[in-house]
Amino acid sequence: MGGPVQEALDALELVDHHCHGVVTADLTREGFEELITEGAAWPGISSFDSPVGVAIRRHCAPLLDLPRHAPPDQYLARRAELGHNEVHRRLLTASGTGTFCVDTGYAPDRLTTPPELAETAGATAYEVVRLEGVAETVAAKGVEPDDYGDAFQAAALEAVQRPGVVAVKSVAAYRTGFDLDPARPSDAEVTEAARHWLTRGGRLDDPVLVRHLLWTAVDLGLPLQLHTGFGDNDIRLHRVDPTHLTDWLHLTTGTIPVLLLHCWPYQRQAAYLAAVFEHVYLDVGLTLHYVGPARARAVLEEALEITPFRKLLYSSDAYGVAEFYRLGALAFRRGLAGLLQDRVDADELSLSDALRIAEWAGAHNARRVYRFSGPS
Amino acid sequence: MGGPVQEALDALELVDHHCHGVVTADLTREGFEELITEGAAWPGISSFDSPVGVAIRRHCAPLLDLPRHAPPDQYLARRAELGHNEVHRRLLTASGTGTFCVDTGYAPDRLTTPPELAETAGATAYEVVRLEGVAETVAAKGVEPDDYGDAFQAAALEAVQRPGVVAVKSVAAYRTGFDLDPARPSDAEVTEAARHWLTRGGRLDDPVLVRHLLWTAVDLGLPLQLHTGFGDNDIRLHRVDPTHLTDWLHLTTGTIPVLLLHCWPYQRQAAYLAAVFEHVYLDVGLTLHYVGPARARAVLEEALEITPFRKLLYSSDAYGVAEFYRLGALAFRRGLAGLLQDRVDADELSLSDALRIAEWAGAHNARRVYRFSGPS
Amino acid sequence: MGGPVQEALDALELVDHHCHGVVTADLTREGFEELITEGAAWPGISSFDSPVGVAIRRHCAPLLDLPRHAPPDQYLARRAELGHNEVHRRLLTASGTGTFCVDTGYAPDRLTTPPELAETAGATAYEVVRLEGVAETVAAKGVEPDDYGDAFQAAALEAVQRPGVVAVKSVAAYRTGFDLDPARPSDAEVTEAARHWLTRGGRLDDPVLVRHLLWTAVDLGLPLQLHTGFGDNDIRLHRVDPTHLTDWLHLTTGTIPVLLLHCWPYQRQAAYLAAVFEHVYLDVGLTLHYVGPARARAVLEEALEITPFRKLLYSSDAYGVAEFYRLGALAFRRGLAGLLQDRVDADELSLSDALRIAEWAGAHNARRVYRFSGPS
């Protein structure tokens, strides 16, 4: 550890281009254990007995005035003692993040709003609109199948015109996977699909309507964040390898930036797309805290094998617990600094190039894509 | 090498939760070379010229009183001189395995029975029933299509009620791959499929009957071992990515433990399933000896990236030659100790946590899944 | 770095079993940036800001009398000053390649012929015939659908009987991917498919005709090079995982050598095929220079995890710029030497075995497959 690249990354205010909020409540042990896994709180298997659990005890405990590797009970007792507001303040501040882009479309729990998150962290927050949420709200309000296409587009446009919105997001990965017809569906196809969906109800998972949603994102003109790879068990992992998007990426070349989120274990596949399509970018958010600082570098090494240095972004994809902002940022800084510094030390890379790459990945690439203007 | 984690793992009696037996005969050079590859003994290409061949000469030769890296001729001459019984005794004992779970359903060669293996190794052995073998025996004995479903279930139940049986296994990977309809087939579907299969003959590779077999495993209530990933050229590797099982895993949640065997090169995909499904476990058996101690750690690092520490098990998947028990155990102990000790040294993990993880993966996780009771 | 394995590999005349030629012209900055990416020269993102760009500045600049890590402007100015002939001479000579097998079937730019390349490098060059090019020439000359099959076979036979031809190549990966019916198509199927293709025109991408092409390669009896994995955005990456070829490899067992090129990110899948099919070989060409010396070892480690040592070959897959010959050779020598020497130092491998493996992979395996006889 250490060295000038680490110092530069430690001092850099990160742009976390994709995250959620933190739960605005004190958590029970079960509640906390539910939030620190993509699985669930299983009887007889503590969520702490995992790479992320070990990383929390190592890297978050000291911020709560506990010894490194404090046991879970002690950690949770201290967390309760401090109260969630103070815990959030300490961990979010420690993440050293200057800007958050907050996906506000998934909140089974009561989460901080972007302004609340920004205030706690002493940072700026922008909003990312989840398009599936917009579509489902349109359906919930009641709409005729003939009108669904226009109504969704109008609602999406309205949603992204609110102040502070910088991007849209799709969780098509969870709904259909990416093995879709890449073409924009016709109006008649959308009406027909809407007829079935609106009758049937439930979440938006019709392939035609998911395609319509992706093409609506293109029309909106904002950067599109796409969940790819790792997630909870609602994913069919082999269907969210981002290379299934290749035909769609051909059709959308020259339009909006497409940001592949998470990617693991397909970070090499995502890197390939970022290397051959001008409008494609990637991050390894979510992965960073789940694998922890012990493996973040290995994942970043693969993500960067062929990736143009303008194409890697940082995100935490933190949800629910403030620990994930801290861990994501730490794993990113350590992992990236480690790999760059070693290349500098081996004379494979100049120090000035290494510093530039670090700054690009940690902040400038996101600024270039999102063109933030003024506080949200 | 060295350090307290290595010491602890060296001293730990492993549970090898999936292996076969050793050939009870002295082997010719060709016979030996056939057994140390997933390919075949090819003219002009010695099986010794491979990672596993190098590992045998390095780590098994000294146990036969030869210098490290002894050439193949010398190795095989000494092996013949000692005789297979003595070779087996030395290599099996050196594996430090206390418990074996032996898949008895694949034996193109005359292999040791579980009690013979146990006696040679000074260990305890349990049995794993290969369900495809049970089905094929039912067919071979003669059964009407209408009766096949019940007859197979009855035979499977009888097989697992024999003393010492702790699990069942399926090689669906070899027969159909995992891209199957996940639903339990109806009785009518089973009868119809049995009609075709019983007429046609051959091994069980009908997709409906393979699904019926997997659901029969659920009914039996014992842990189910599933071959995934790496094997011989009878595999279509892309069809045995275990994430193709996701829908079936949803349907079987809350039933039997499912143990994903081998997994390579899909160890990350298997780890994902183990992280998001309570009943899923994994190992990297077979892989460990084929990649050898030089790469076992790298594979384990990927297998453990997000895996809950209660979900990784040890197996050798040794078949035929006693060398594979020795190499699997050595590669596992070295690989796991190396990665854990380095994390301890980097203060990413406490020593007590590292020792606990080592013990869990090497023995306790298997004990928890299989609930061994008394000697077999 | 350093040690006896590195010294041996540095001294070894490599056989580069798959490459193209270099552009016989001085290049503009845009022209150069187009050639050093599998993407394109994008406005605002320099191709130099990538792993391969960094590697060029580090490892090629000194050969042009510039300091290591010279900036792109300085690099290109010096390149222009020296002129392409001198640049090619310096970089090709520095690659230390004794034999090139040159795919002459892809030349959107004016490239060196094999003899020109050989002369510049002070080496020997053989030719590899790209079968899609032969088929498209047959079509361009005009042929009746009924005659297409025979005409293509005759043209292919004529092409490979020219002096210096040692292999054929297919880019089926770019045309259909590998998820093809493995069987040899009937004459009637070929005629019918040719009828459509010859009417429609365009490049050969009909699945029946691609299958016919692959089977024609089998009939020709020469080694067949197959592009797999990484390439430009004309690839659908998930469809060029080489394990999709498994059924075809079963049908072609005992016929021609099949050489899987590039492979990344499917190097483990390719290694599996090389381990279980006698006639399958692999390289990680193209990948080596794109990932650069900083990651070539990691890719080679995966490629060699289970690969028999007789099955790995070296190729640069260099196209267009002489830098890629230099970088490919350097990345291969450093990567392979590093991994072998570390195994020797850890006493996992004897030095004599390491030297043998290095020589096999760098030259002898290719000699064994291609049976070069006399200069081209």
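Analyst: The side chain of A:Tyr370 makes a polar contact of 2.6 Å with the side chain of A:His17, and this, like everything that follows, is read from a predicted model. A:Tyr370 belongs to helix H17 of chain A, which covers residues 351–370. With a relative accessible area of 5%, A:Tyr370 is buried, because anything under 20% counts as buried. Once the neighbours within four places in sequence are set aside, A:Tyr370 is in contact with A:His17, A:Val166, A:Ala167, A:Pro223, A:Gln225, A:Leu259 and A:Leu313. A:Thr216, which is 154 residues away from A:Tyr370 along the chain, has its C-alpha atom 18 Å from that of A:Tyr370.

In an unreviewed entry, UniProt places the feature "domain: Amidohydrolase-related" at residues 118–372 of chain A. In the model, this span is 55% helix and 10% strand, and its end C-alpha atoms lie 15 Å apart.

A second residue of chain A to look at is A:Arg310, which is placed in the loop between helix H15 (293–303) and helix H16 (323–345) of chain A. A:Arg310 is buried and yet has no salt bridge, the nearest side chain of opposite charge being that of C:Asp49, 5.6 Å away; that distance does not count as a salt bridge because the nitrogen and the carboxyl oxygen must be within 4 Å. The side chain of A:Arg310 does, however, have a polar contact of 3.3 Å with the side chain of A:Asn365. Apart from neighbours within four places in sequence, the residues in contact with A:Arg310 are A:Tyr281, A:Trp360, A:His364, A:Asn365, A:Arg368 and C:Ile45.

Chain A also touches chain B, in a contact that takes 37 residues from chain A and 33 residues from chain B. The size of an interface is often given as the accessible area lost when the parts come together. Here chain B and chain A bury about 3100 Å² between them, with 55% of it on carbon and sulfur atoms. Nine salt bridges are counted between the two chains, and one of them joins B:Asp353 to A:Arg57, whose closest N and O atoms are 2.7 Å apart. On the side of chain B that touches chain A, the elements giving two or more residues are helix H12 (246–252), helix H13 (267–276), helix H15 (293–303) and helix H17 (351–370) of chain B. The largest share of that side, six residues, comes from H13(B).

Technical notes
Residues numbered from 1 in each chain as written. Chains lettered and ligands numbered in written order. Predicted model: local features only at pLDDT ≥ 70, side-chain atom pairs only at ≥ 80, totals over all residues. Heavy atoms only, no water. Helix = DSSP H or I, 4+ residues; strand = E, 2+ residues; numbered from the N terminus. Buried < 20%, exposed > 50% of the residue type's maximum accessible area, 1.4 Å probe, protein only. Lys, Arg positive; Asp, Glu negative; His and termini not counted. Polar contact = N/O pair within 3.5 Å; in protein donor to acceptor, adjacent residues only side chain to side chain. Contact = heavy atoms within 4.5 Å. UniProt positions renumbered as here; feature names shortened; annotations may be inferred. Buried area = accessible area lost by both parts, 1.4 Å probe.
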